[in-house]
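Me: Can you walk me through the aromatic rings in this one? Keep it simple, please.
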Amino acid sequence: MSIRVERAFGEVVEGEAVVSEEGFSPRYDLDRWSGVITKPGHRLEGVSLKDKVCFFPTAKGGIAAGWAFYDIKWKKIAPKAFIFGVTNPVMVHGWSMDPHTEVATGDWVRVDPGARLVQVLRRQR
């Protein structure tokens with residue numbers, strides 16, 4: 001199973017998937033010292049994003065989200081990849097199919113930005 005994305009950049013990475021039906025803000029949903037979602041009531045509350053491949057339907061926030069993404073990368077608690085369905089104009093986005101129907105949290109996925117492709121390599125189930 002493969003998902004095509006509209007735009008992407010970065011290195012090829014593989015990792016465990018974290019799939020959310022709720023949007024994500026690096027400033028307000030994430031503890032930027034641990035990499036754990038701490039926003040009360042968020043469906044992924046308590047889940048670590050460190051070294052994961054994260055699928056979110058939307059990216060919440062604006063230009064200030066950029067420094068928050070940089071901050072978690074600098075602290076070495078960032079995911080291996082973020083894949084968003086829709087973003088604001090400061091970010092890139094898009095996918096050919098809804099990942100909720102094809103990818104489950106715990107699946108092992110490969111992200112190839114050059115090919116604009118996300119592949120499920122191994123199912124967690």
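Reply: One term before we start. Buried means under 20% relative accessible area. Also, this is a predicted model.

Me: Okay. Is F84 buried or exposed?
Reply: F84 has a relative accessible area of 8%. That is under 20%, so F84 is buried.

Me: Which ring is stacked with F84?
Reply: F82. The ring centres of F82 and F84 are 5.5 Å apart. Their planes are at 10°, so this pair is stacked.

Me: And how accessible is F82?
Reply: F82 has 24% relative accessibility, so it counts as partly exposed.

Me: Zooming out, how many aromatic pairs are there in the whole structure?
Reply: A search finds seven. One of them joins F69 and F84, and it is edge-to-face. The centres are 6.5 Å apart, with 65° between the planes.

Me: Where do F69 and F84 lie?
Reply: F69 is in helix α1, residues 64-74. F84 is in strand β4, residues 81-86.

Me: What about F69, buried or exposed?
Reply: F69 counts as buried, because its relative accessibility is 18%.

Me: Which residues make up the aromatic cluster?
Reply: F24, F56, F69, F82 and F84 form one cluster.

Me: New topic. What sits over the ring of W33?
Reply: The charged end of K75 does. It is 3.4 Å from the centre of the W33 ring.

Conventions:
Residues numbered from 1 in each chain as written. Predicted model: local features only at pLDDT ≥ 70, side-chain atom pairs only at ≥ 80, totals over all residues. Heavy atoms only, no water. Phe/Tyr/Trp six-rings, centres within 6.5 Å; stacked < 30°, edge-to-face > 60°. Helix = DSSP H or I, 4+ residues; strand = E, 2+ residues; numbered from the N terminus. Buried < 20%, exposed > 50% of the residue type's maximum accessible area, 1.4 Å probe, protein only. Lys NZ or Arg CZ within 6 Å of the ring centre and 35° of its normal.
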